Amino acid sequence: MALFSLVYVSVSDKLMTDSELKAILDVARTNNARDQITGMLLYRSGYFIQVLEGEEEAVMRTYNKILLDSRHFNCLIVYKNQIAEPAFERWSMGFNHLEQIDPSASPEVKEFMAHPFEPSHLTAKPTIAVHLLESFRDQNTF
Ligand code: FAD
């Protein structure tokens, strides 16, 4: 089975509480386990970065559902491509607060975290989004 990875960013409709984030994750994890999708969701005061990995059709079906969700808007695909192996196979959907990243991890991360969120920053440099997500590869907050 060819594996596919899609990374997008979006803006939340309001500042999210942990219980609102958990409600998203409860449904996401149930659906993703059924659809053999893995990934990671990062949240930072008002925006999301998410990676979905799996069979291309399943990933696109899930992304198209997520696009319609009124809890966020301005979904912008940062990266989509075939991959040799999943990077987040431990998580049907991992979650972390982006603030927990070590800003000294790399100059790119430091620069990204020092500025207000600007989606075009990530679409221009998709490797930063991938780097942010992969920094949390082995970590799950709740
Ligand atoms: P439904 O029966 O349609 O909904 C299940 C429950 O989700 C509802 O009972 C309700 O509590 C809640 N819900 C759905 N829409 C809303 C809404 N607009 N406002 C408040 N509560 C709502 N889904 C996935 O399957 N996989 C993912 O990886 C995933 N990631 C997401 C990331 C983000 C940032 C967001 C905002 C949503 C994500 N979702 C994900 C949820 C997705 O958008 C759909 O809500 C969900 O897939 C619907 O699932 P369903 O058809 O099984 O359930």
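Let's start at the ligand: one of its nitrogen atoms sits 3.0 Å from an N or O atom in the side chain of S70. I'm calling that a polar contact, meaning a pair of N or O atoms within 3.5 Å; within protein, one must be able to donate a hydrogen and the other to accept it, and residues adjacent in sequence count only if both atoms are side-chain atoms. Before I go on, this is a predicted model, where local features need pLDDT of at least 70 and side-chain atom pairs count only at pLDDT 80 or more, while totals for chains, interfaces and linings use all residues. Residues are numbered from 1 along each chain as its sequence is written, and side-chain values use heavy atoms, with hydrogens and water left out.

N32 has a polar side-chain atom 2.9 Å from a ligand nitrogen atom, and Q50 places a polar side-chain atom 3.1 Å from a ligand oxygen atom. On its own the ligand exposes 930 Å², and the protein buries 63% of that; accessible areas here come from the Shrake-Rupley method with a 1.4 Å probe, and for residues only the protein chains shown count as cover.

Which elements give two or more residues to the shell around the ligand? They are helix 1 (18-35), strand 3 (47-55) and helix 2 (56-67). Helices (H or I, at least four residues) and strands (E, at least two) are DSSP runs, numbered from the N terminus. Helix 1 supplies the largest share of the shell, 5 residues. There are 17 residues around the ligand, and N31, N32, K65, D69 and S70 come nearest; "near" means that a heavy atom of the residue lies within 4 Å. Sorted by class, the shell holds 8 nonpolar, 6 polar and 3 charged residues.

Now, zooming out. The protein has 5 helices and 5 strands, in the order β-α-β-β-α-β-β-α-α-α from the N terminus on. Its radius of gyration is 14 Å, close to the 14 Å that the globule rule gives for 142 residues, so the protein is as compact as a globular protein of that length. That radius is taken over C-alpha atoms, and the rule is 2.2 Å times the number of residues to the power 0.38. Along the principal axes, the C-alpha trace spans about 40 × 35 × 25 Å.

Next stop, strand 2 (residues 38-44). How many of its 7 residues are buried? The count is 7 of the 7, so strand 2 is largely enclosed by the rest of the structure. Buried means under 20% relative accessible area, exposed over 50%, and partly exposed in between (1.4 Å probe, protein chains only). One face of strand 2 carries T38, M40, L42 and R44, and the other G39, L41 and Y43. In a regular strand, side chains alternate between the two faces of the sheet.

Strand 2 has two partners to show you. With strand 3 it runs antiparallel, joined by 7 bridges, and G39 stands opposite L52. With strand 5 it runs parallel, joined by 4 bridges, and L41 stands opposite F95. Pairing takes at least two DSSP bridges between the strands.

Conventions. Nonpolar A, V, L, I, M, F, W, Y, C, P; charged D, E, K, R; others polar.
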